[in-house]
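I opened this structure for the first time today. These are my notes on what I looked up.

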Amino acid sequence: MLQIKNLHASIQDEKQKSKVILRGINLNIKPGEVHAIMGPNGSGKSTLANILAGRAGYDISQGEIIFDEKNIFTLAPEERAALGLFLAFQYPVEIPGVNNMYFLKAALNSLRKQRGLNELDAMDFLTLIKNKIKEVCLNESFLHRAVNEGFSGGEKKRNEVLQMLMLEPRLAILDETDSGLDIDALQTVAKGVNSLRSENRSFIIVTHYQRLLDYIVPDVVHVMVKGKIIKTGGKELALELEAKGYGWLEEQVVVS
Amino acid sequence: MSNAYLKEVVNKSYEYGFVTPIESDTFPPGLSEKVIRDISKQKNEPEFLLQWRLKAYEYWLTLKAPQWAHINYPEIDFQKISYYSAPKIKKNAPKSLDEVDPQLLETYKKLGIPLHEQGRLAGVAVDAVFDSVSVATTFKEKLHEAGVIFCSFSEAVQKYPDLIEKYLGTVVPYRDNFFAALNSAVFSDGSFVYIPKGVRCPMELSTYFRINAANTGQFERTLIIADENSVVSYLEGCTAPMRDENQLHAAVVELIALENAQIKYSTVQNWYPGDEEGRGGIFNFVTKRGACRGKNSKISWTQIETGSAITWKYPSVILQGENSVGEFYSVALTNHKQQADTGTKMIHIGKNSKSTIISKGISAGKGQNTYRGLVRVLPTADNARNFTQCDSLLLSDTCGAHTFPNLEIKNPTAKIEHEASTSKIGEDQLFYCQQRGLTLENAVSMIVNGFCKQVFNELPMEFAVEAQKLLEVSLEGSVG
């Protein structure tokens with residue numbers, strides 16, 4: 001479903017200096033798979049998530065991103081979204097004055113339109129969202145508030161999962177969706193992801209901790225350090241990392 | 001929102017830029033005492049009005065155009081403007097819509113203003129002003145039954161000269177400022193509203209202003225009187241053809257609310273803004289003021305300012321009555337090379353008077369957007385309260401937002417709050433919206449509409465929708 005080939009990317013810092021962040025990422029994700037990407041702070045995990053979603057501001061010097069056999073390199077973020085790519089944000093953005101439900105309806109219908117489907121009318125949409133919001137344990141009043149405005153950290157993350165459930169992506173990238181969550185919220189997030197798991201839908205779970213992976217059991221675990229994937233393994237790799245930390249792997253990188 | 005709609009929005013910049021080929025009686029350019037006498041004579045005005053105009057003219061001659069606003073424009077040559085233009089009418093005045101020139105009716109239809117009473121916006125009575133004169137007022141009968149007077153200013157001068165003489169110039173005297181003095185001398189028409197005691201006006205009243213003829217100025221005058229315990233909601237809209245030269249619009253609006261009366265005045269101003277290079281466009285110099293004369297009276301201004309090359313207006317409220325309330329809700333958008341210097345004055349005189357100011361400025365392209373406000377609390381205004389919130393949103397690196405709030409507090413019991421913010425439209429917000437599937441244009445318009453929400457909520461329902469669409473059109477080409 002997704003192939004990343006030798007991706008190199010850098011960003012300009014405040015002093016207009018170029019800073020290399022990704023140094024040759026290779027990744028191959030098949031339909032139905034859940035991949036976890038773990039790694040210490042600053043290893044480039046969020047950058048990778050943002051680049052996949054099409055965020056501007058990165059200088060991509062080499063590499064390809066193939067989604068469904070299509071190079072999505074030149075596609076705008078909304079075109080990638082229309083192909084079924086979804087990013088749950090590490091820091092969901094507040095949009096004052098824009099009703100949460102209106103936002104989600106506009107998003108869903110914009111995606112449907114781009115895919116050549118009929119727009120959902122207000123009644124159908126309402127029925128759908130009222131069901132989905134129960135799954136993330138948010139009160140219906142959140143639908144009538146402005147997007148993420150004044151939401152707590154946990155509420156914002158639940159809202160991200162709600163959006164994911166509504167938009168039913170083919171590839172969902174969760175960027176540290178577990179950070180700052182209490183155990184109840186963590187389980188809600190996991191339940192949301194698990195309910196969507198199917199043979200033609202894939203996930204990339206970006207996280208620091210193995211905790212989330214107790215609830216969302218990954219097929220593949222990657223360890224990313226300094227812009228490179230330095231180790232790939234099964235779910236047991238996450239447990240090993242939990243026990244030993246990242247230090248031993250980082251040393252390996254230095255040695256090699 | 002569909003792509004087709006978006007395309008439509010992107011491809012039309014100013015859809016009201018057409019000219020109606022219609023024969024007009026237009027005075028040659030120039031301003032003199034004779035011109036003023038001619039206007040007055042043309043309108044068959046009583047002597048008191050002519051004298052008032054002449055005094056205003058004499059006073060105007062002693063003035064210079066104000067320089068304090070944060071706007072730049074070439075000096076206006078007042079001798080090059082024609083001060084009167086009216087569509088030629090075969091008989092005297094049209095007595096019903098059937099007698100109105102079909103070309104004119106067609107123009108308003110094109111503008112989406114239904115003059116036929118079975119029109120789309122049933123429940124809104126419209127007075128249409130074309131260049132210098134009112135061409136039609138709808139729903140007259142129904143309003144008459146309720147005792148409401150809603151007609152063109154010229155008609156009011158003929159039918160209700162006592163009311164005109166009693167109230168004209170009592171809120172905005174001709175000595176008020178340069179443009180008010182000019183307007184008082186040469187105004188040609190406008191709307192007049194009188195709501196009698198105890199009457200709640202049964203429908204929205206609306207005036208639609210259209211400048212058509214070239215090289216003419218539009219100087220209309222609106223006077224609204226809400227007698228004791230009455231309520232009225234009034235809306236004005238404005239458009240003009242696209243022309244390379246600038247045209248002057250200098251209106252005066254006076255509102256008077258007596259005891260327990262409420263006036264809500266909403267404006268959707270969409271005069272031609274000029275092109276991307278700043279060629280053409282309307283110079284909009286307007287004086288709007290309301291007086292809350294009675295106890296518990298309330299005046300509320302809501303304005304959506306998206307048009308004009310230059311906007312200079314400060315809809316204000318004089319809070320004379322005890323417990324009176326003044327409100328100002330404003331969205332001002334400047335794109336390309338538009339300049340807006342707008343805001344309000346709240347003058348607290350009565351005890352317990354309250355005012356609220358919510359101003360939302362949006363700047364795009366090379367637009368310059370200024371909020372200028374004054375809150376003055378006089379020694380008599382015990383327990384006066386004001387809340388002011390000024391927010392600016394920047395959509396480009398080349399635009400500007402400026403805020404000049406002034407406070408003059410002469411009573412220690414006053415409570416005044418002021419909040420202000422300036423933000424650039426966030427790349428984070430745009431990316432978030434786009435990631436969820438919205439196009440860049442839709443994302444911008446959604447964020448901007450969210451920013452303006454507090455103000456849109458104050459507009460009558462139908463117009464809130466219009467205002468949202470208008471913002472989309474006005475923002476076309478502002479990002480990317």
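**Entry 1: Cys390(B) and its chain**

I began with Cys390(B), which counts as buried at 3% relative accessibility. Buried means under 20% relative accessible area, exposed over 50%, and partly exposed in between, with a 1.4 Å probe and protein chains only. This is a predicted model: local features need pLDDT of at least 70, side-chain atom pairs count only at pLDDT 80 or more, and totals for chains, interfaces and linings use all residues. Residues are numbered from 1 along each chain as its sequence is written, chains are lettered from A and ligands numbered from 1 in the order in which they are written, and side-chain values use heavy atoms, with hydrogens and water left out.

Next I looked up where Cys390(B) sits: in strand β21 (residues 385–394) of chain B. Helices (H or I, at least four residues) and strands (E, at least two) are DSSP runs, numbered from the N terminus.

Which residues does Cys390(B) touch, not counting those up to four places away in sequence? I found Ser359(B), Tyr371(B), Thr403(B), His418(B), Glu419(B), Ala420(B) and Ser421(B). Contact means heavy atoms within 4.5 Å. I also checked Asp38(B), which is 352 residues from Cys390(B) along the chain. Their C-alpha atoms are separated by 45 Å.

Then I took chain B as a whole. It has eleven helices and 23 strands. Of its 480 residues, 62% count as buried. I looked at its contacts between residues at least 6 apart in sequence, and 84% of these join residues at least 24 apart.

**Entry 2: helix α3 of chain A**

I moved to α3(A), residues 100–114. Its 15 residues should span 21 Å at 1.5 Å a residue, and the end C-alpha atoms are 21 Å apart, which agrees. The expected span is 1.5 Å times one less than the number of residues. At the N-terminal end I found a cap: a side-chain oxygen of Asn99(A) lies 2.8 Å from the backbone nitrogen of Met101(A). Just after the helix, Gly116(A) takes a positive phi of about 80°. Several residues of α3(A) are buried, among them Met101(A), Ala106(A) and Asn109(A).

How do α3(A) and α5(A) cross, and at roughly what angle? Their axes come within 10 Å and cross at roughly 35°. The contact is made by Asn100(A), Phe103(A), Leu104(A), Ala107(A), Leu108(A) and Leu111(A) of α3(A), and by Asn159(A), Leu162(A), Gln163(A), Met166(A) and Leu167(A) of α5(A). Axes are lines fitted to C-alpha atoms, for helices over the stretch in contact, and angles run from 0 to 180 degrees between N-to-C directions.

**Entry 3: two positive phi values**

Most residues other than glycine have a negative phi. I noted two exceptions in chain A. Glu69(A) has a phi near 60°. It lies in the loop between β4 (59–67) and β5 (70–71). Asn148(A) also has a positive phi, of about 60°. Its place is the loop between β8 (146–147) and α5 (153–167).

Is each one buried or exposed? Glu69(A) is exposed, with a relative accessible area of 79%. Asn148(A) counts as buried at 0%.

**Entry 4: Thr188(A)**

Last, I looked up Thr188(A) in helix α6 (residues 183–196) of chain A. Thr188(A) is buried, with a relative accessible area of 9%. Leaving aside neighbours within four places in sequence, I found Thr188(A) in contact with Glu135(A), Val136(A), Cys137(A) and Arg158(A).

Notes:
Polar contact = N/O pair within 3.5 Å; in protein donor to acceptor, adjacent residues only side chain to side chain.
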